[in-house]
Amino acid sequence: MKRRKRKGRNRLKKILSNSITGILFIVFMGMMFIVISSMASGGEPQLFGKQLKTVLSGSMEPEFQTGSIIAVEPVKDAESLKKGDIISFVIPDGTMVTHRIAEVMKNGDHTMFQTKGDNNKEPDTEPVLAQNVVAIYTGFTIPYIGYFVDFSKSNKGTALLMIIPGIFLLGYSAFTIRSALKEIDQKHTKKELDKPA
């Protein structure tokens, strides 16, 4: 009875250990993909045709948090954008901003957008010209990973990105070998005990 309970406990530990390792590996590989994609493209990483942008301010909280990654897609027709859409646009100093359209303004053939961060009390000072709108928010966000992506673009981050996978794989290999040796040893001991005197 005790042996059966021990076997059940060991099996549960093994399943739990493998599940946690699998989840951590998937998360880590996802982060690696985002960072490598970002470095390869020389700008923002891309996934399934969507561009991933790091949120560096809290102006759009609670829609998305500072340090999140958001997915945006290029705007094909800026004229079709409407009030309530969240857009990424370039301001005169070249910075990319992602805010919500508070009002659509028509001036002859020209369309402009009054934008505002959800967390800001006042709308943005300058209206956004339709041609300065780069992308529209798709509704997909991952909290906090933006901090990791931002750090990974630094020299320290790049170095760590090369070292950590190696350490992770060595640790996992050592754990697997140790578990396998322990199991072999237990089987050998059991055989010795089961031998007739």
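Among contacts in the protein chain between residues at least 6 apart in sequence, what percentage joins residues at least 24 apart? With that as background, please examine the loop between strand 2 and strand 3, where Ser59 has its place.

Analyst: This is a predicted model, in which local features need pLDDT of at least 70 and side-chain atom pairs count only at pLDDT 80 or more, while totals for chains, interfaces and linings use all residues. Residues are numbered from 1 along each chain as its sequence is written, and side-chain values use heavy atoms, with hydrogens and water left out.

The percentage requested is 50%: this part of the contacts between residues at least 6 apart in sequence joins residues at least 24 apart, contact meaning heavy atoms within 4.5 Å. The protein chain has three helices and eight strands (DSSP runs numbered from the N terminus, H or I of at least four residues for helices and E of at least two for strands). Along the sequence these elements follow the pattern α-β-β-β-β-β-β-β-β-α-α. Of the 197 residues, 26% are buried (under 20% relative accessible area; exposed is over 50% and partly exposed in between, with a 1.4 Å probe and protein chains only). The chain exposes about 13,800 Å², of which carbon and sulfur atoms supply 62%.

The loop lies between strand 2 (50-54) and strand 3 (69-74). Ser59 belongs to this loop and counts as buried because its relative accessibility is 13%. The side chain of Ser59 makes a polar contact with the side chain of Ser57 at 3.3 Å (a polar contact is a pair of N or O atoms within 3.5 Å, one able to donate a hydrogen and the other to accept it within protein, and residues adjacent in sequence count only if both atoms are side-chain atoms). When neighbours within four places in sequence are set aside, the contacts of Ser59 are with His99, Gly117, Asp118, Asn119 and Asn120.

Further along the loop comes the backbone feature at Pro62. A cis peptide bond with omega of about 5° joins Glu61 to Pro62, and Pro62 is itself found in the loop between strand 2 and strand 3.

Glu63 brings charge pairing into the picture. Side chains of opposite charge can pair when their charged atoms come close. Glu63 forms a salt bridge with Arg100, the closest N and O atoms being 3.2 Å apart (a side-chain nitrogen of Lys or Arg within 4 Å of a carboxyl oxygen of Asp or Glu). This pair links distant parts of the chain, with Glu63 in the loop and Arg100 in strand 5 (residues 96-107), 37 residues apart. Glu63 is partly exposed because its relative accessibility is 35%, and Arg100 is also partly exposed, at 23%.

Arg100 has a further partner in Asp118, the salt bridge between their side chains being 2.8 Å from N to O. Here too distant parts are linked: Asp118 lies in the loop between strand 6 (110-116) and strand 7 (128-129), 18 residues from Arg100 in strand 5. At 30% relative accessibility, Asp118 counts as partly exposed. Through shared partners, the salt bridges join Glu63, Arg100 and Asp118 into one network. Asp118 is also one of the residues in contact with Ser59. The structure holds four salt bridges; among them is the pair of Lys82 and Asp85, at 3.4 Å from N to O. Lys82 is exposed at 52%, whereas Asp85 is buried at 14%.

The ring centres of Phe64 and Tyr137 are 5.1 Å apart and the planes stand at 65°, so the pair is edge-to-face. Because Phe64 is in the loop and Tyr137 in strand 8 (residues 133-142), the pair ties together parts 73 residues apart in sequence. Phe64 and Tyr137 are both buried.

A last point concerns Pro143, in the loop between strand 8 and helix 2 (145-152). Pro143 is 89 residues from Thr54 in sequence, yet their C-alpha atoms are 9.8 Å apart. With a relative accessible area of 43%, Pro143 is partly exposed.

Key: Phe/Tyr/Trp six-rings, centres within 6.5 Å; stacked < 30°, edge-to-face > 60°. Areas by Shrake-Rupley, 256 points an atom, 1.4 Å probe, with all protein chains shown as cover.
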